[in-house]
Amino acid sequence: MVTFVDSLASCPPIEALRPWPGFIVDEDLWRRAGDELAAGRLGLAGLWGDRGCVQMALFSAQPTIILLRLAVPSGRFPSIASLHPPAMRLERALHDLYGLSGEALPDQRPWLDHGNWGLAEPLGTPRPHRGPDRYGFLPAIGPMLHQIPVGPVHAGIIEPGHFRFFANGETIVRLEARLGYTHKGIDGLMVGAPLERALRLAGRVSGDSTVAYAFAFCRAVEAALAIDVPPRAVLLRAGMAELERLANHCGDIGAICNDASFALMQAHCGALRERVLRAADAVFGHRLMMDRIVIGGVAEDYAAVVPVLRDLAADIERQFPPLIELYDKTTSLQDRTVGTGIVNAALVARYASGGYVGRASGRHFDARRALAYAPYDSLAFDVPLRTQGDVDARIWIRIEEVNQSLRLLRQILDRLEAQQPSAPRAALSDHLARNGEGLALGEGFRGDVLAWVRIADGRLEGGHLRDPSWFQWPLLEASIEGNIVADFPLCNKSFNCSYSGHDR
Amino acid sequence: MRRILFDNLMRAPLTEPPPPPDAPAAAHLAAQLNDVAFRRLGRSLAIRAVDAGSCNGCELEIHALNNVFYDVERYGLRFVASPRHADVLLVTGPVTKNMQAALIRTYQAVPEPKWVVAVGECGFDAGVFAGSYACVGGVASVIPVDLHVRGCPPTPVALLTGLLALIERSAAGAPSPPVASA
């Protein structure tokens, strides 16, 4: 039997793309990709627009990523979402930004476009917009149902988005999110941007994942231009990535418990997070490590890295275990987290959800392992897995990942100490004259970040960054069904999806 | 849990002394307020944070103000859940067009007297997002701003310094023209 991947061999390849294969497909094969996705033989890694075409990144079983490109001269293409619902919001966004529409797209409502930009299809052929329309939420019909509208401005210090609950008393029947409030037009700003500016934008798609984004973006650029990163820089990048994971996981563990009114955990975890950020500041000169990863390496040598981070690791290793024990032994807290907000394994597999959302529901995927990139391909670490899929499982995945990050950090520091000195950054002069296309998948604290770039003459012709939240937000809606309204903050925090990363 | 609580009782607190007042901002304020006495704990301010499209970097550092190291409540600074309870709107982001209406409505819901603090490079002039079809521009292009705390993102100390300067100003009464801090 000829498999789908085999049949791609007859298509013209995208010659300039590195490091994974890409193909220019026709509508038939595009549709077949949709069938393969629906059958679960491929996973959706991204779907986005470019000038006059749509592109789709797929997880295949090898494991590798395959890029498909379909020219869309008529502005219409066979809808993937009609076959595979995880593509729904991606296709709605594609239509809003480029005016390219999926034929028979089941949900025709706008997604990122709220009618406020003054123009429609800003990245396609822009034309005047007729202005905001009333947004129709999906109906929930039954006796005694009421609606609870929440947002976009929320009660806490969190990002903006609208949640519409349909509830019967305290029990939630349906939740539907409306996002797009933080849409900043980053894909548009990327077009024509010099590489350095594009990198600054990439580092500001989602501030909590600035390292993960800069790391993935730089890897995509370096693949496109065949740049080799010096060994010290590779280790420093991973050191930053693990610090970012530590800071966010510590913060999240505390914040989830705080949403179950267990403030003691929040106080201690908040202090741990602050210690990580201060160590980052001491070594890298920025608490969130923004703009420290640069194309070809890292911005400076960061000589203080080993002693400062050794102290930090020792500090966390001393302080974290009593907090795990505290969580493990506080039954009143577990009464809130265990069995709350369950996402089942089938849904996670269908949405190819990454990060702790996937790994808490049995999807054993971590980009550092499945599509291993330097230096993770030569470091020892475990990818924790749970199958319960509830708030408790998402907390435990984070707890175990804190331990794994410390393990990685120790190995990174050992190697930095043992290594011959090398420049923090590759010389770029020759490479910048090249043109090319690059793809990269990097593991942020929240899940896998996909980066795609096409470069010509030192500028981006096109760039796209896909946040892991695209494949997590819809599952939050599924997880909350049948739960009570008061548990929504708890569930939401256990997902901690990015609004800005999703809205871009 | 008892052991953790007991250990904490035996240990010095992590909370740190306040940052020194921001000299240029303080001098500017002193001139404007006609040498009003700087009363550090004389007032409290209720703060309502509004994300008007930020990358969430600023939110992380605003959050940090509540951790035990900075502990802003000891200065009388308190984050509240409703604009109707607020004295201060703390606004982040390049004000996306999709958040403009919500920001204006939140501002209108804050009772007088009120102050607006624009946080970050985006809050100042839209930062790296300036010129996008989807962004309006700095916070001041949408609502009147009393204080800018710049930085990408500003550190918790920079935020605290700015907010303490605002406490001193609010003690004197009416809002005044924008002051740049940090």
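**View 1. Strand 15 of chain A is largely enclosed by the rest of the structure.** This close-up comes from a predicted model. Strand 15 covers residues 436-443 of chain A. Of its 8 residues, 7 are buried, so the rest of the structure largely encloses this strand. Strand 1 of chain A, residues 17-18, pairs with strand 15 in the parallel sense. That pairing runs over 2 bridges. A:Arg18 faces A:Gly438 of strand 15.

**View 2. Strand 15 and strand 16 of chain A form a hairpin.** The two strands pair in the antiparallel sense over 8 bridges. Strand 16 spans residues 448-456. A:Ala440 has A:Ala451 of strand 16 as its bridge partner. A:Glu443 stands opposite A:Asp448, also in strand 16. Between the strands of the hairpin lie 4 residues. In the turn, A:Gly447 has a positive phi of about 150°.

**View 3. An open sheet of 4 strands in chain A has mixed pairing.** The strand order is 1-15-16-17. Strand 1 and strand 17 (459-466) are the edge strands, and each pairs on one side only. Helix 6 of chain A, residues 210-225, packs on the sheet. This helix touches strand 1, strand 15, strand 16 and strand 17. The direction of helix 6 makes about 150° with that of strand 15. As background, strands of a sheet pair through backbone hydrogen bonds, either parallel or antiparallel.

**View 4. A:Asp228 sits in the loop between helix 6 and helix 7 of chain A.** A:Asp228 has 11 other C-beta atoms within 10 Å. The cut-off for an exposed residue is 12 or fewer, so A:Asp228 counts as exposed. A:Gln472 is 244 residues away from A:Asp228 in sequence. In space the two are 33 Å apart, C-alpha to C-alpha.

**View 5. Helix 9 of chain A carries a kink of about 30° at A:Phe320.** The kink lies shortly before the proline A:Pro321. The helix has 25 residues, which at 1.5 Å a residue should span 36 Å. Buried residues of helix 9 are A:Val305, A:Leu309, A:Leu312, A:Ile316, A:Phe320, A:Leu323 and A:Tyr327. An α-helix has 3.6 residues a turn, so residues three or four places apart point the same way. The buried residues of helix 9 pack against helix 7 (231-258), helix 8, helix 10 (331-337) and helix 14 (391-418) of chain A.

**View 6. Chain A and chain B meet through 40 residues of chain A and 38 residues of chain B.** On the chain A side, helix 4 (186-190), helix 5 (195-202), helix 8 (263-284) and helix 9 (305-329) each supply at least two residues. Helix 8 gives the largest share of that side, with 4 residues. By class, the chain A side divides into 19 nonpolar, 14 polar and 7 charged residues.

**View 7. Chain B holds 6 helices and 6 strands.** From the N terminus on, the elements run α-α-β-α-β-β-α-β-α-β-α-β. Chain B has 182 residues, and 52% of them are buried. Consider the contacts in chain B between residues at least 6 apart in sequence. Of these contacts, 82% join residues at least 24 apart.

Definitions and conventions. Residues are numbered from 1 along each chain as its sequence is written. Chains are lettered from A and ligands numbered from 1 in the order in which they are written. This is a predicted model: local features need pLDDT of at least 70, side-chain atom pairs count only at pLDDT 80 or more; totals for chains, interfaces and linings use all residues. Two residues are in contact if their C-beta atoms, placed from the backbone, lie within 7 Å. Ala, Val, Leu, Ile, Met, Phe, Trp, Tyr, Cys and Pro count as nonpolar, Asp, Glu, Lys and Arg as charged, and the others, Gly among them, as polar. A residue is buried if 20 or more other C-beta atoms lie within 10 Å of its own, exposed if 12 or fewer, and partly exposed in between; C-beta atoms are placed from the backbone. Two strands pair if DSSP finds at least two bridges between them. The expected span of a helix is 1.5 Å times one less than its number of residues. The bend at a residue is the angle between axes fitted to the seven residues ending there and the seven starting there. Axes are lines fitted to C-alpha atoms, for helices over the stretch in contact, and angles run from 0 to 180 degrees between N-to-C directions.
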